[in-house]
Amino acid sequence: MTSRIRLNRAARGEYRQLSGAPDAPPATHRRGRVTRGIRVSAADGAALLTDHWRAEGAGGTTLLVRTPYGRANMEGVARFFAERGHHVVVQSCRGTFGSEGAFDPLHDEASDGQATLAWLRAQPWATGPVLSWGGSYVGLTQWALCEGPLLPDAMGIAVSARRFDEAILYRGGGFSMDTVLAWAVALDLQERTPLSRLWAMLRSPRRLRRASFAVPPTDAPHTARAGSPRWVTDWIEHSDAGDPWWQPLHFADDPARIPPTVLMAGWQDFFLEGQLDDHRFLVDSGVPVRLVVGDWGHGGPDVLRRGAIEALRGFDDPTAGPAVSVEVSGGAGWRELEAWPPPSAPQTWEATAGGGLVERRDDASSTTAAAALTYRYDPADPTPAAGGRSLNPFTAGRRDQRRRERRDDVLVFTGPRLDEDLLAMGTAEVELTVSSSLPRADVFVRLCEVDEKGASTGLTDGYLRLGPDTAPDGTGRVRISLAPLAHRFAAGHRLRLQVSSGAHPVQLRNPGTDDPVRDFRRLRASVQTVSLGGEAPLLLRLPVVD
């Protein structure tokens, strides 16, 4: 049914935010219409409900959005683009918001995307370029479009990645329980009535925490009152590195099948590392690509506004503008770069047994006496994450670390007050020698900034699950890459490095056994030993730029 555009309250707010942005072009087409509930047939005959937005006198360019989160959630964006002369097609993914079939994350997106592109290209009004657009799972639906003969002319992908499993689920060898649980709960709530959804959200923080301790972990969604979706069980059961089960769900491996792309990432987003891996893959493969990284988490108004402006630019030239634009956290603003990462010089800091960080002027042998620090890790009382990159809105992001740093299972090393600002851009690395009383253990390192009042804030972190093959030379020497950052450490502040054996539930606690993730019936505490100084220093290397 075709009708004039009328927005719900949330969509009106989103529309006003986009239209009021200082860099938003003015509306050129005011008489908008929308046809809702168009039945687009998938390859197996399932009807995928689709809305078509356009304005009188619109051109032939089209913005395509395939989303599992409801077409109504895109109405503010759709009107914004329609009023600037573009057709907008918003489709509900299979099994969501009236579309037929069952929602099985990732499995049907390539086939359904091809059916949608075939329908779209056949419409008499779609005579110009097609730009796919959106973030998170909507970004995954775009990568899936690269798996068939039909392609969009350009893609605008925010906070997402080509390989879901490698990007977030098992990075470092663990399992990202916090993100999986938060998504299961969000999907379970999204089609409920507003009152029921509000009541459930108010109770979600306590339920999510309790669910993260479920034994076996496959019971976690049920404990969180999110049902028992089969996909969570699948992801837990296929958590071994290189499991071939995931191969059909790795999208866009052929660079010849990838159109010009704009990638938008966030320093606080859990897709950050995977998305920057994608950027490197596209650059190395010669695919036209632009990268924008803001100091934001997963989604939010800043991502939406910047993404919409980049998409409008993309209709003319998807890769117009600087190759890389990054926002430097710590209040240093945006910078335009020729490439990511920019040229940098490693600045090395060494941890001391007294809890200090001492800058080393070169990579010569340690001048610190050999020592060792130990702590006990107990999976029955796992070291909490206290922030970090997760989908859980109640715990994610940059958080105060002082409570975490008071725990006996967290080693803390703090540098002196900085005489001048220090700008780090790139990937920091921690090199250390660690041993455990058990064959398997985790190492989690976090880089923090301590202000003049002593408040410690987490900036970036890295994680590695240790096993018999982690340090094949038998020394226990490992290197852990922290998630990339662009941050200005202010003069008068101090660097701080944490070393621990977990960040539960951002990374599901290590049971201390070689039991698979789906088990966890046995929990064994362990003692970890971290070497310092001498032949086995603990080093932090920062990528410092002028």
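This passage walks through the overall build of the protein chain and then two of its regions. The structure is a predicted model, in which local features need pLDDT of at least 70, side-chain atom pairs count only at pLDDT 80 or more, and totals for chains, interfaces and linings use all residues. Residues are numbered from 1 along each chain as its sequence is written, and side-chain values use heavy atoms, with hydrogens and water left out.

The protein chain contains twelve helices and 24 strands (DSSP runs numbered from the N terminus, with H or I over at least four residues for helices and E over at least two for strands). Its radius of gyration is 24 Å, close to the 24 Å that the globule rule gives for 546 residues, so the protein chain is as compact as a globular protein of that length; the radius is taken over C-alpha atoms, and the rule is 2.2 Å times the number of residues to the power 0.38. The C-alpha trace spans about 75 × 50 × 45 Å along its principal axes. Of the 546 residues, 58% are buried (buried means under 20% relative accessible area, exposed over 50%, and partly exposed in between, with a 1.4 Å probe and protein chains only).

Ser390 sits in the loop between β14 (371-377) and α12 (402-405). Its C-alpha atom is separated by 8.0 Å from that of His298, although the two residues are 92 apart along the chain.

Arg225 counts as partly exposed because its relative accessibility is 48%.
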